[in-house]
Every structure is written in C-alpha cells, then in structure tokens.
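Please write a short report on this structure for someone who is new to it. Keep the sentences brisk and give the cut-offs for each term.

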Amino acid sequence: MDGAIAGSSEVPAMLETARRVLALAIGKASPAMAAALRRGLGAKIESMLVVAPAGIDWLSRYRELADPSVRICESSHPQVSEASVVAASAAIKMLSERRPDDLMIVALSGGASAMFALPPDVVPLESKIALTSSLLKSGASIRELNTVRKHLSIVKGGQLLRHMRGARVLSLILSDVPGNDLATIGSGLTAPDPTTFGDAIAVLKRRDLWGRAPEAIRDHLERGSAGEIPETVKAGDPETANVTNIVIGNNRTAVDGAARTAERLGYSVERWRDLRGEADQLGRDFAIELKSIRKARTCFVSGGEPVVTVRGNGKGGRAQQCALSMAIELARDRTRDIAALFAGTDGIDGPTDAAGAFAFADTVERGSRTGADAEKALARNDAYSFLNVAGDLFMTGPTGTNVADIVAAIIDCPE
C-alpha cells in the first residue's frame, strides 16, 4: 500500500508481529514526533534516529528522547549542508542493521528535503548547494524544487526504500504540501515518484538555470534522462509493496484549529482562498478584499505556501513578504479596523528567527519613523528589517510542527 490514508487497521497488527521496531524521524517536527512515538510505544522501539533542526536543546523540551536508544543528529535548513549528508549516512547505517522481521517506522515532516541529503558520488555537495540556492531564489515551487532534488539524490524519490531491503515500513507523515502529495513531502522518501530526470531538466530550463547549472549536475541529469542511471522509485516497483504511508496532519489541521479558536473568541469565521502564488500579490489582494468587506468581528483564515521570487539581497521569508505587502495596501487609506498575522507553522519563516509578522494599517507609519522605506524593503526582499523596526515581527521559536503557512485576519468594525 503506497497511497496516503487517513488511518489503517493494519497498524496494530504490524506492531504486534514485528520482532523489533526501529524508528527514523526526519524534519522540522521530528523531535515532537519522536517523543510521541516513545510515549506511545516505549521499549517496543529498540533504536531511534532523530534528524532534527540544529541549535535547539531538544532534550530539555522532550525528556522522552533522553534515552540511550535514541540518537539525535542535528541538521540544516533551508539549505543542504554536510550535516545533511551525515544524517542521511547515519540512517543508511541504521537500516543496514535491520532484520527481515523488523518494522521500520519513518516519522516524516517538512524540512526533510534539506535536512536529509545524500547526493550520488559524481555530484559534489557544493554543486547541489549552489543549484538549490538558485532554485530557491528563482521562485520555483516546492514541487519543482523537489523534482530536481530527487534526481540529485540516492535517498529521495522513494529511494530510501531501496535501503530497507524489503522490510515492513510504516511512514507517519505531517504534510506541509498543498494536496498532501506524498511524492513532494520531504521529497518523498518512502513514496513512489512520478517525476523523471527529464522533468528535472525541464524545471531548470523553465527557471533559466540549466545553462548556469554546474557541469557535474547537467551531466548526471542527462545520463539519467538517457537511461544510463536508474530512475527514482515508481508506483508498482517492488520496493513499494511493504510500505504504508499515513498522513497524520496537514495545513487544514492548523487552519481548522485557528478557526475554532476564533469562534471561541466570539468571531464569525470565513475561509479565504488558499495561499498560493507570489507573496507580494497575495498580501495586496487579501488587503483589498478585506477592505471591501464590512462585517463586524469577522475572522478570515487560510493556509498554504506562497512563493517569493527573490530580486534583492534583503532578509525575510514568505510570511513576512505577505505581511509587508498587505500592510502597504492597508496604509493607502488607513484602514484601521483590519489586522492580520501571516506565519509559518514551524516558527521559522525563511532563513530568519521570526515565524512571520503582523500587518496593521499603521505598520508602514511606525516603520517609516525610523527612516525605513516599506516599498523599497518589499522590492529588495527585506521585509524582516522593516517589520523589525516597526515592531511587528512574530517570534515564537521552533514550534515542533510543520504544516506550511497560515494567515488569520480580523475585521472588528462597528455594526
């Protein structure tokens, strides 16, 4: 079974019949997911590897992980690093020690694509890092980005299953991808991949990066497209026969939670369209729509994953770019009864220490008092700097989950 399912009657039997249970948790939510597994299964888990974001004292947050059977490998995001290779290599070593009657639990969450990487020997890590950086700046979607990543890897695109050698695999997945596409979440470590080497080449050409890609990468992708290198794992391949993938949470889970909270606070709740497309346009469109609505104590919620085409050298993230764009539009006619929060559910928006930012009608005014220019900050992708001086950054630290971005906007006008 290689499709996403809401739950599975097979799971209790899988746990009951397994002689040993091994666990591999990868992604921004990996410590929380690993701790939940420890609480639920206890000593049944003989060995666990947790690939977690670096720089956090995870043991003080999750006491369950302070156990000799648990190894924590810190890794990097949003860019691949040597730590990503160390983590993937540790996982391969762990899998090499598994036995045929073991059950392998993979707890997968967003961020795994960067945190867990093992390029083929012919592709230098530095080349992959450079190309990934260019793709991130180009405005490529997560599906485009991961199509390329999967074909510059020996673990992504279902290829981690090739190291399982037929063992039973249960993947518990937190989705940060619209539509819960298993092949995209974490670059589909345990899911079949519908994309090809040719698709990866097409992405690079579409984003005007093919001619600038390192020669080693172009050569590898061309050889794969010519059939000289095995493709990623496909639906129906033998490796998928013993895999159960279960999506246990997604962006809708977070949006529904925000809606329930707003209702408890006395707001009527409406859903806005999904957060898709360029952040600048989304922020502006949302502000314009909210200004046209005169409903007292109404909360609009939505979720998704905007994109930012980087044209400047500033500091920020998707949520902050949306928030600043919205604040600029609200400032045009000083609409003071509207406020919004754009944030990444993981607590980390882009390569910053902010989860996101608030947007108010006076955000631009407060930032401008310091000499900062909102329009110029937006144009050079420097939303963080402007929103910082305006006092409207939203700081949470890592939240222990990752289900893409969310926005909550309130209209509190009088009747």
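This is a predicted model: local features need pLDDT of at least 70, side-chain atom pairs count only at pLDDT 80 or more; totals for chains, interfaces and linings use all residues.

## An enclosed helix

E144, L145, N146, T147, V148, R149 and K150 are buried in α7. Buried means under 20% relative accessible area, exposed means over 50%, and partly exposed lies in between, with a 1.4 Å probe and protein chains only. Helices (H or I, at least four residues) and strands (E, at least two) are DSSP runs, numbered from the N terminus.

Residues are numbered from 1 along each chain as its sequence is written, and side-chain values use heavy atoms, with hydrogens and water left out.

## The open sheet

An open sheet is formed by 6 strands, in the order β8-β9-β13-β10-β11-β12. Its pairing is mixed. Two strands pair if DSSP finds at least two bridges between them. Strands of a sheet pair through backbone hydrogen bonds, either parallel or antiparallel. Which strands stand at the edges? They are β8 (268-271) and β12. Each has a single partner strand, so one side of each is left without a neighbour in the sheet.

β8 and β9 run parallel and are joined by 4 bridges. S268 sits in β8, and its bridge partner in β9 is T298. With a relative accessible area of 38%, S268 is partly exposed. Not counting residues up to four places away in sequence, S268 touches A296, R297, T298 and C299. Contact here means heavy atoms within 4.5 Å. The C-alpha atoms of S268 and I288 are separated by 20 Å, and these residues are 20 apart along the chain.

## Strand β10

I338, A340, F342 and G344 point one way from the strand. A339, L341 and A343 point the other way.

How many bridges join β10 to β13? There are 7, and the two strands run antiparallel. β13 holds residues 405-411. L341 stands opposite A408 in β13. β10 also pairs with β11 (residues 356-360), in the antiparallel sense, over 5 bridges. There, A343 stands opposite G356.

## A buried asparagine

N402 lies in the loop between β12 (393-394) and β13. Is N402 buried or exposed? At 5% relative accessibility, N402 counts as buried. A polar atom of its side chain lies 3.0 Å from the backbone oxygen of G110. A polar contact is a pair of N or O atoms within 3.5 Å; within protein, one must be able to donate a hydrogen and the other to accept it, and residues adjacent in sequence count only if both atoms are side-chain atoms.

Leaving aside neighbours within four places in sequence, N402 is in contact with residues including K28, A29, G111, L174, T345 and D346.

## Backbone details

The peptide bond from H77 to P78 is cis, with omega near 10 degrees. P78 is in the loop between β4 (70-75) and α4 (82-96).

S187 is not a glycine, yet its phi is positive, near 65 degrees. S187 lies in the loop between β6 (168-174) and α8 (197-206). At 0% relative accessibility, S187 counts as buried. N381 is not a glycine either, and its phi is about 55 degrees. N381 sits in the loop between α14 (374-379) and α15 (383-390). N381 is buried, with a relative accessible area of 9%.
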